Protein chains: 2
Amino acid sequence: MLKNAEFVDKLRSSGLRPTKQRLKICEVLFNREKTFHFTINDLAKNISNQLNEKISLATVYNTVHAFKDKGYLKEISINSDKSYFDTNITNHHHFFDEDTNQLIDCNNEDIEEVRVKKNITEKKIKSVEVLIKVASDNQNQN
Amino acid sequence: MLKNAEFVDKLRSSGLRPTKQRLKICEVLFNREKTFHFTINDLAKNISNQLNEKISLATVYNTVHAFKDKGYLKEISINSDKSYFDTNITNHHHFFDEDTNQLIDCNNEDIEEVRVKKNITEKKIKSVEVLIKVASDNQNQN
DNA sequence: AGTCTACATTATAATTATTCTAAACTGTTG
DNA sequence: CAACAGTTTAGAATAATTATAATGTAGACT
């Protein structure tokens, strides 16, 4: 349960101005016990519900991307028309339920560490993440 | 190098009518030596370039999704505003170059088999895929 | 073969997701 | 407390995707 002043510091220290829009978004995103996944649209809705003011969708986009660039959020890869974000910024894997479109965090104990034997590229590996898709048996693959 | 008639059979046998739009798309997608990745937009452009006729973008969407449902294409997960598709339908992993936005297929020998110790869900695992993000050293993560 | 019917397919129009950019704001500096 | 130089916001524009009305197609029955 962080206080407003802490968000101000956090933002300032990473070179982002603590505007009122950003602070509201911080509250909605980080004033929680558990990490969670969301869509830009989810977030925009939460904001206009939980707080009375409404923030332009474009601003929500800007802010989420700024937070992502600063490492406060992670973008998640699933086959979808929408981008998902995650407030859990540790390196971790996901289950994705194709029936319900639900995305579930995976404890690192649930999957054995992935061993990359050969890096095809010349570049540095930034992350290695596994996505496990599940569905009821009668569903077709992918 | 499949012939038109073979595409007709393939489509019929999976319950899709071999319309001229679909046959043209088959040609562009499957008349090749190597598998490849593409965006709906890439594909639509290729079609209007390689062939003289133009197919409505919506039809390209419909067809690609139909092919995916039938298992002739796979949708690929990367952080992007667009959906990527793959004509390589085997279960395989990917490197994603964040500098160039290039997606590279990974030989199964390059990564040790991923072992899921515990399926959190009650449902059947449909696929397990790894995405390795790479970038030049100075890039920021994600 | 020709017409009818039921369903599949196409592609325009509508919707939804994302980005561009002009206007508003902030934080210095004189 | 102006004037300037970035930032940030948010309305307007663009891009991606889907819904649906119009069209096409394959049998069934003449």
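**Domain contacts and cysteines in a predicted model**

Chain A of this predicted model is divided into domain 1 (4-76) and domain 2 (90-134).

Student: Which residues in domain 1 of chain A lose the most area to domain 2 of chain A?

Tutor: Between them, domain 1 of chain A and domain 2 of chain A bury about 410 Å², with 54% of it on carbon and sulfur atoms. Of what the domain 1 side buries, 93% belongs together to the residues that lose the most area, namely His37(A), Lys74(A) and Ile76(A).

Student: Which side chains meet in a salt bridge at 2.4 Å, N to O?

Tutor: The count between domain 1 of chain A and domain 2 of chain A is one salt bridge. A salt bridge requires a side-chain nitrogen of Lys or Arg within 4 Å of a carboxyl oxygen of Asp or Glu. At 2.4 Å, N to O, the pair that meets in a salt bridge is Glu129(A) and Lys74(A).

Student: Is Cys106(B) buried or exposed?

Tutor: The structure holds zero disulfides over all chains, and for Cys106(B) the nearest cysteine sulfur, that of Cys106(A), is 20 Å away. The relative accessible area of Cys106(B) is 4%. Because burial requires a value under 20%, Cys106(B) is classed as buried.

Note on methods. Residues are numbered from 1 along each chain as its sequence is written. Chains are lettered from A and ligands numbered from 1 in the order in which they are written. This is a predicted model: local features need pLDDT of at least 70, side-chain atom pairs count only at pLDDT 80 or more; totals for chains, interfaces and linings use all residues. Side-chain values use heavy atoms; hydrogens and water are left out. Domain bounds come from an automatic or database domain assignment. Buried area is the accessible area (1.4 Å probe) that two parts lose on being put together, summed over both. A disulfide is a pair of cysteine sulfur atoms within 2.5 Å. Buried means under 20% relative accessible area, exposed over 50%, partly exposed in between (1.4 Å probe, protein chains only).
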